[in-house]
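Dear colleague,

I am handing over the structure we spoke about, with the sequence alongside.

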Amino acid sequence: METRDWYAQLKRPAWAPPAWLFGPVWSVLYLIIAISFGFVFWLAFAGSISLWLALPFVLNLIFNAAFTPLQFGLRSNLLAAVDITLVLGTLIWALASIFPIAPWVLFANIPYLIWVGFATMLQYTITARNR
C-alpha cells in the first residue's frame with residue numbers, strides 16, 4: 001500500500017490539515033531551522049557557547065528526522081507520537097536554553113514551536129483513533 005493511501009485511510013480529526021499543506025509548511029520551517037539552528041551551531045563551534053548548549057538542538061534535529069520513517073516507513077502511530085513528543089520537548093529545551101544568549105532564535109522559531117505543538121496534538125489524536 002502506498003504511503004499516501006495508508007495516511008488517507010487513517011481516522012483523522014476534522015481539524016486535521018490536508019496532506020498537501022505539510023510540504024509547504026515544512027519548507028518554510030526548515031528554512032527557519034537551518035538559519036537559527038545553524039547560528040547556534042556556529043556559536044558552539046566558535047567557542048562562544050558550550051557544546052552542551054547545542055545538545056538540545058542536535059537532539060531536536062535527530063528526533064525531527066526520525067518522525068517520517070517512524071510514521072510512514074514503519075507506519076507506527078505510537079512511535080510517531082513518542083517521537084513528536086521528543087521533538088516538542090527538545091525544542092522547548094533548546095529555545096529556553098538559548099534565549100538568554102540569542103533571544104532572536106526563540107522568536108524566529110515561534111512558528112516551528114506552534115506547528116510542532118499542533119502536530120503533537122494531531123498525532124496523539126490520530127494514534128488514539130487508530131488503535
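Predicted model: local features only at pLDDT ≥ 70, side-chain atom pairs only at ≥ 80, totals over all residues.

Residues are numbered from 1 along each chain as its sequence is written, and side-chain values use heavy atoms, with hydrogens and water left out.

The secondary structure of the chain comes to six helices and zero strands, where helices (H or I, at least four residues) and strands (E, at least two) are DSSP runs numbered from the N terminus. The C-alpha trace spans about 50 × 20 × 20 Å along its principal axes. Of the 131 residues in the chain, 40% are buried, a term that stands for under 20% relative accessible area, with exposed meaning over 50% and partly exposed anything in between (1.4 Å probe, protein chains only). The accessible surface comes to about 7,400 Å², and 74% of that surface belongs to carbon and sulfur atoms; such areas come from the Shrake-Rupley method with a 1.4 Å probe, and for residues only the protein chains shown count as cover. If one takes the contacts (heavy atoms within 4.5 Å) between residues at least 6 apart in sequence, 74% of them join residues at least 24 apart.

Helix 2 covers residues 19-46, and its 28 residues reach 40 Å from the first C-alpha to the last, close to the 40 Å expected at 1.5 Å a residue, the expected span being 1.5 Å times one less than the number of residues. Its buried residues include V25, W26, L29, I32, I33 and F37, and what covers the buried residues of this helix includes helix 3 (51-73), helix 4 (77-98), helix 5 (103-108) and helix 6 (110-129). After helix 2 comes G47, whose phi is positive, near 85 degrees.

A nonpolar core is here a set of buried Ala, Val, Leu, Ile, Met, Phe, Trp, Tyr and Cys residues joined through side-chain atoms within 4.5 Å. In the largest one, which has 28 residues, F57, I98 and Y112 touch the most other members. Helix 2, helix 3, helix 4 and helix 6 are the elements that give two or more residues to this core, and helix 2 gives the most, with ten residues. Leaving aside residues up to four places away in sequence, Y112 touches W26, L29, I33, F37, N60, N64, V87 and L91. A second, separate core of six residues includes W6, Y7, L10 and L122.

For aromatic pairs, rings of Phe, Tyr and Trp (its six-membered ring) pair if their centres lie within 6.5 Å, and planes under 30 degrees apart count as stacked, over 60 as edge-to-face and the rest as tilted. By this rule the count comes to twelve aromatic pairs. Y7 and F72 form a tilted pair, at 5.7 Å centre to centre and 55 degrees between the planes; because Y7 lies in helix 1 (residues 3-9) and F72 in helix 3, this pair ties together parts that are 65 residues apart in sequence. Y7 is buried, with a relative accessible area of 10%, whereas F72, at 24%, counts as partly exposed. F22 and W115 form an edge-to-face pair, at 5.7 Å centre to centre and 75 degrees between the planes; F22 lies in helix 2 and W115 in helix 6, so parts that are 93 residues apart in sequence are tied together. W115 is buried as well, at 12% relative accessible area. One aromatic cluster is formed by W26, Y30, F37, F57 and Y112.

With best regards
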